[in-house]
Amino acid sequence: MRKAEVYRNGILAGILTETDKRTYVFTYDSLYFKDITKPGISLTLAKEQSEYTSEHLFPFFYNMLSEGTNRVVQSKLLKIDENDFFGLLLATARYDTIGAITVKEIMLWK
């Protein structure tokens with residue numbers, strides 16, 4: 001299982017999880033959810049208290065990834081399988097992204 005904090009303009013908005021069964025879960029942080037001045041992170045992930053689940057990485061997050069040759073180059077440089085979309089998201093969306101969203105891995109101890 002891998003987890004990441006999702007930030008909107010530097011404020012924790014929610015948690016994105018890739019389960020061991022390769023499903024994805026997104027939940028809004030309770031403080032972010034309760035703040036009526038904070039919008040949803042995307043139109044497809046509207047601000048809801050229930051969790052979102054998907055068998056594929058949510059399109060909103062998938063579209064934050066590089067495409068084509070750029071993805072191949074990133075994968076080789078970062079030594080990440082180019083089909084490991086969650087891994088690529090964790091490696092490339094930490095600091096500087098187009099838009100307001102950043103994604104930071106939560107290190108889980110075993």
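**View 1. Leucine 78, with 38% relative accessibility, counts as partly exposed.** The cut-offs here are under 20% relative accessible area for buried and over 50% for exposed, with partly exposed in between (1.4 Å probe, protein chains only). What you're looking at is a predicted model, where local features need pLDDT of at least 70 and side-chain atom pairs count only at pLDDT 80 or more, while totals for chains, interfaces and linings use all residues. Residues are numbered from 1 along each chain as its sequence is written, and side-chain values use heavy atoms, with hydrogens and water left out. Leucine 78 sits in helix 3, which covers residues 68–78; helices (H or I, at least four residues) and strands (E, at least two) are DSSP runs numbered from the N terminus. Together with Val73 and Leu77, Leu78 makes a nonpolar surface patch of about 280 Å². Patch members have over 30% relative accessible area and no salt bridge; like charges are joined within 9 Å, and nonpolar side chains (Val, Leu, Ile, Met, Phe, Trp, Tyr) within 5 Å. The areas come from the Shrake-Rupley method with a 1.4 Å probe, and for residues only the protein chains shown count as cover.

**View 2. Arginine 71 is buried but has no salt bridge.** This arginine also belongs to helix 3. Glutamate 67 is the nearest side chain of opposite charge, and it's 6.0 Å away; for charge, Lys and Arg count as positive, Asp and Glu as negative, and His and the chain ends aren't counted. A salt bridge would need a side-chain nitrogen of Lys or Arg within 4 Å of a carboxyl oxygen of Asp or Glu. What arginine 71 does have is a polar contact of 3.4 Å with the side chain of tyrosine 62. That term means a pair of N or O atoms within 3.5 Å; within protein, one must be able to donate a hydrogen and the other to accept it, and residues adjacent in sequence count only if both atoms are side-chain atoms. Look too for the backbone oxygen of serine 66, which lies 2.8 Å from a polar atom of the arginine 71 side chain. Leaving out residues up to four places away in sequence, arginine 71 touches Tyr62, Leu65, Ser66, Glu82, Phe85 and Leu88, where contact means heavy atoms within 4.5 Å.

**View 3. Phenylalanine 85 belongs to helix 4, residues 85–92.** At 23% relative accessibility, phenylalanine 85 comes out as partly exposed. Setting aside residues up to four places away in sequence, its contacts are Leu57, Tyr62, Leu65 and Arg71. Phenylalanine 33 is 52 residues from phenylalanine 85 along the chain, and their C-alpha atoms are separated by 26 Å. Elsewhere in helix 4, Phe86, Gly87, Leu88, Leu89 and Leu90 are buried. The buried residues of this helix pack against quite a list of elements: strand 1, strand 2 (11–18), strand 3 (24–28), helix 2 (59–62), helix 3 and strand 5 (101–106).

**View 4. Arginine 2 and aspartate 84 form a salt bridge, with their closest N and O atoms 2.7 Å apart.** Arginine 2 is in strand 1 (residues 2–8) and aspartate 84 is in the loop between helix 3 and helix 4, so this pair ties together parts 82 residues apart in sequence. Arginine 2 is partly exposed at 22% relative accessibility, whereas aspartate 84 is buried at 16%. The salt-bridge count comes to four.

**View 5. Two further salt bridges pair glutamate 18 with arginine 22 and lysine 38 with aspartate 35.** For glutamate 18 and arginine 22, the closest N and O atoms are 3.0 Å apart. Glutamate 18 is buried at 5% relative accessibility, while arginine 22 is partly exposed at 46%. For lysine 38 and aspartate 35, the corresponding separation is 3.3 Å. Lysine 38 is partly exposed at 21%, and aspartate 35 is partly exposed as well, at 26%. Shared partners join Arg2, Glu18, Arg22 and Asp84 into one salt-bridge network.

**View 6. Asparagine 9 and arginine 22 have positive phi values.** Most residues other than glycine have a negative phi. Asparagine 9 has a phi of about 50°. You'll find asparagine 9 in the loop between strand 1 and strand 2, exposed with a relative accessible area of 52%. Arginine 22 has a phi near 60° and sits in the loop between strand 2 and strand 3.
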